[in-house]
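Welcome! Take a look at the sequence and the model, then read on.

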Amino acid sequence: MLRWSLARAAATHSHKNYSSKAPKPTTPFKPDPKKAAAAAAALIDEQERLRQLAADDNNPSLDVGPNGRPLFTSAPSLSHLSRNDVCTYFKLTKDALNAALPEGLPVGMVNEFQDSMRTALIVRQSFLDLRDNFRRVIDPPMWSSNAKGVKVRKQVLLDGPVSCGKSIALAMLVQWAREEGWLVLYVPKGKEWTHGGFFYKHPLTGLWDTPVQAENDFLKYNESYLKELPCQIFDPIPLGEGAGVGWLKDADSLAIPEGTSLYELVKTGIEQTHAAVGVVVRLRKELSLVKDLPVLIAVDQYNNWFTFSEYEEPVTIRSCRPIHARELTMVKAFRSMKHDDMMVGAFSHSTAVGKLRRDLPDVPVDARVMFPRYNLDEAEAVCHYYLRQRLIRREAFSEENWKKIYFLCNGNGTEIRGLVPFMR
């Protein structure tokens, strides 16, 4: 009976993921001459803009921000940024980004790079505050932080309005921490832990396992650190149902011999689908025991872990019960912030999970930090940068015009970037 229910649950899920409707009859493709001409003109304009920007790089006099200040900071790394660099742009390289963030870049960062045609990000005081908070956790100052009104938090929940830069700040924090030699477990798309793939209810835990998500490569960037860290928990890891291959017939647990490294543990979870979920849960426990180097857990789209998942459990022949994210084994293992480990989660309102209550379970009351949209000084620097990157025509640029766009967008960075090309 249990096997029948699990099979039915998997079948129900597959129908939700793959359309069962009959495909619509195809019609012969008829290209629209007007659209084709517009696309060709846009491509020519883009190529011309790239050529002009390449020429501009040889003219340092163009790199001027508000009030004649330098538009770009000379700081060599994120660690060297200070208050003097606020409202300037920090230059990045694609190779450095791909090396520090192999899990992928947030959508907002990718769009910023594509539209501006340069891999650079504005230095914001809100990011420096976030970075310095975790810096103080590892290296507490001689003076009392509470005496000066600065509260040090080991757990931070980044909240704020749409397009205020939470995901970009989180990615920059991950890059900074990794450049400092920290072990960082970065989940750039928390929503994927609650959507898609095979799922089943484990008979021993009563929680829902998602082995496809568990097979994510946690070795990215962290491989060298994990090889040096030994496992400290040697209890057998319970095995589960493999994605598409069922249960093992001759084993129900995986032994962890002494001397096993965290690298070998994670590699086992990647290679053996039956152990994937159990390894992820064990990895979370092992990270809490690491004392040789700082450990940070960073989760984007964190709000998806406080609402219902995509999965459903059959209740009757005609009805199903939605499964909450807290019932998923991996989410339950990583969601809580009520511990002594460093952890930061960022809400992503673009995933549209709805408004959540302020006092969330598993989150300390004082963990929430409201991330602001651009203030007037940041918006001024942003518009000067877009002028430098030829998103704005020089003859149309004026203080009055950029302020109109700023107040119209209420500091929304995405909307500002989309409207400045129409400045007249």
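The largest pocket is lined by 38 residues, and those nearest its centre are G108, M109, G165, S167 and I168. Keep in mind as you explore that this is a predicted model.

**The largest pocket**
- Its volume comes to about 770 Å³.
- Helix or strand, several elements contribute to the lining: α4 (107-116), β2 (120-122), α6 (166-179) and α14 each supply at least two residues.
- Rolling a probe the size of a water molecule over the atoms is a way to see where empty space is left.

- Helix α14 covers residues 413-419, and L419 is found in it.
- L419 has a relative accessibility of 31%, so this leucine counts as partly exposed.

**Cysteines**
- A disulfide is a covalent bond that links the sulfur atoms of two cysteines.
- How many disulfides does the structure hold? The count is zero.
- C383, for instance, is in no disulfide: the nearest cysteine sulfur belongs to C409 and is 9.0 Å away, whereas a disulfide needs the two sulfur atoms within 2.5 Å.
- Is C383 buried or exposed? C383 is buried, because its relative accessible area is 2%.
- C320 is partly exposed, because its relative accessibility is 31%.

Conventions: Residues are numbered from 1 along each chain as its sequence is written. This is a predicted model: local features need pLDDT of at least 70, side-chain atom pairs count only at pLDDT 80 or more; totals for chains, interfaces and linings use all residues. Side-chain values use heavy atoms; hydrogens and water are left out. Helices (H or I, at least four residues) and strands (E, at least two) are DSSP runs, numbered from the N terminus. Buried means under 20% relative accessible area, exposed over 50%, partly exposed in between (1.4 Å probe, protein chains only). On a 1 Å grid over the protein atoms alone, a cavity is a set of points where a 1.4 Å probe fits but cannot get out, and a pocket is an open set with protein on both sides within 12 Å along at least five of seven lines; lining residues have an atom within 4 Å of a point. Grid points are joined across faces, edges and corners, and a volume is the space filled by probe spheres set on the points.
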